[in-house]
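Here is a quick tour for anyone meeting this chain for the first time. Have a look at it, then read on.

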Amino acid sequence: MDSSLRGQAGALQVDLDGDNEQAESAQAGASTLTFAQRNLTRILEQNQQRQQKNIASKAPENPADGTTKGKPRLLLMGQRRSGKSSISSVVFHKLPPSETLFLESTARIQKDSLPSFMDFQVWDFPGQIDIFENPTFDIDAMFGEIGALIWVIDAQDDYMEAVARLNVTILNLQRTYPFIKIEVFIHKVDGLSDDYKLDIQRDITIRIQDELSDHGFENAPVTFHLTSIYNHSIFEAFSKVIQKLIPRLGILEAMLTNLCRTCRFEKAYLFDVTSKIYIATDSAPADMTSYEICSDYIDVIIDVTEVYGSWPRSDKYREGLEGPPWSQKLEDQAASNWAESCMVLSDGNKPIILREVDRYLALVAIMKEDSYDKIPLVNINVEVVVQGLKEFFDITKPR
Ligand SMILES: Nc1nc2c(ncn2[C@@H]2O[C@H](COP(=O)(O)OP(=O)(O)OP(=O)(O)O)[C@@H](O)[C@H]2O)c(=O)[nH]1
């Protein structure tokens with residue numbers, strides 16, 4: 001399955017070195033595309049049926065309201081003042097981190113429905129609430145749907161009680177909902193030294209794993225992240241959480257890896273533009289610097305567009321693009337008429353490009369040195385991948 005769709009992504013791509021081996025398969029690509037689409041749809045339907053069976057076997061008596069059904073849900077839990085509302089406000093509502101100092105304590109569950117590429121919801125729980133102790137909570141309605149539980153621990157405070165509560169929560173969940181992913185954010189690590197951060201992470205991990213194995217749970221799906229709202233680590237952590245909710249993520253990664261190979265990109269990211277969470281990247285090792293550059297670049301583009309708006313290319317600019325060395329009409333160069341941008345970073349002569357995929361998603365890539373003159377070919381490849389991505393999300397979008 002993966003390989004057939006991967007084939008699609010590569011089928012129409014043109015190699016920058018000029019030996020366009022795959023060009024002749026373009027025709028074939030068009031016909032096999034339906035096969036790949038059918039295959040992806042079939043697997044998704046199977047997954048959905050399996051999930052529905054899972055949920056049906058634990059059907060809540062009072063299900064959650066209809067508007068939130070079927071949308072992946074992220075639950076933010078943890079002690080009071082651990083930073084849950086700050087995380088949600090900074091990542092999803094663009095609140096400057098310094099303004100979180102003035103956030104009030106959350107008194108009741110805040111449910112946020114976020115229009116994004118997968119329409120997920122974020123539920124922010126008040127720190128003092130213990131859902132398993134409180135009989136008014138419908139646990140089935142809360143955990144019945146797929147999603148992740150994000151447990152926030154304040155690393156600048158005494159974390160023993162937070163870890164103890166987390167242990168109780170994991171044990172309760174493991175018995176009934178072993179498929180729920182538990183993501184532990186060891187948060188507010190901005191003021192801590194690297195050594196101390198790692199010490200804390202090790203200590204918390206051991207305390208949780210020991211408790212779980214004492215109760216016979218060896219492979220519980222618990223992952224740990226070091227986070228802070230004062231740098232990109234919180235976005236990085238959320239990216240990893242969201243990626244686990246994307247069905248067939250491997251296909252997206254394969255498309256981007258293929259694109260990087262054919263276009264000689266150093267790194268490519270598929271971003272959710274509003275939250276700046278990256279939902280997929282190529283197989284090269286992820287590094288914080290390239291993520292930061294790409295994510296800041298999105299901000300630059302958004303700011304420029306907000307100030308100046310967007311406008312069609314002027315005739316003179318168009319002539320320049322259509323002239324030598326390409327000598328081709330712009331349409332034939334497959335450049336998008338809108339929603340694209342390219343900038344050359346001054347250090348190392350590396351162009352960085354951005355191409356919108358749809359209302360929510362953008363592809364951002366850092367190119368290798370001195371590859372600016374290959375832009376028309378790059379555009380052709382990017383266009384093919386963008387079409388592939390659109391089809392992917394068309395099929396996999398939860399309905
Ligand atoms: N240094 C630092 N402070 C943070 C960070 N994240 C949040 N804070 C601060 O932590 C304090 C508490 O944050 P909240 O978001 O209100 O905490 P909460 O978990 O929602 O608290 P409750 O609503 O009472 O459950 C605020 O003063 C934030 O500015 C972080 O990454 N680093």
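Which domains is the chain divided into? There's domain 1, covering 73-243, and domain 2, covering 247-396. Keep in mind that this is a predicted model.

| Domain | Residues |
|---|---|
| domain 1 | 73-243 |
| domain 2 | 247-396 |

Where they touch, domain 1 puts in eleven residues and domain 2 puts in 16 residues. On the domain 1 side, the elements giving two or more residues are helix H3 (84-93) and helix H7 (233-243).

Now for a pair of helices. Helix H8 (residues 249-263) packs against helix H11 (residues 375-396) at an angle of about 175°, and their axes are 10 Å apart. Angles over 145 degrees count as roughly antiparallel, so that's what H8 and H11 are to each other. From H8, the contact uses Ile 251, Leu 252, Met 255, Leu 259, Thr 262 and Cys 263, while H11 brings Val 378, Asn 381, Val 385, Gly 388, Leu 389 and Phe 392. Nine of these contact residues are nonpolar, three are polar and none is charged.

Stepping back to the whole chain, its secondary structure comes to eleven helices and eleven strands. Of its 399 residues, 34% count as buried. And among contacts with a separation of 6 or more, 71% link residues 24 or more positions apart.

Terms used
Residues numbered from 1 in each chain as written. Predicted model: local features only at pLDDT ≥ 70, side-chain atom pairs only at ≥ 80, totals over all residues. Axes fitted to C-alpha atoms, helices over the stretch in contact; angles between N-to-C directions. Helix = DSSP H or I, 4+ residues; strand = E, 2+ residues; numbered from the N terminus. Parallel < 35°, antiparallel > 145°, perpendicular 65-115°, else oblique. Contact = placed C-beta atoms within 7 Å. Nonpolar A, V, L, I, M, F, W, Y, C, P; charged D, E, K, R; others polar. Buried ≥ 20, exposed ≤ 12 C-beta atoms within 10 Å, placed from the backbone. Domains from an automatic or database assignment.
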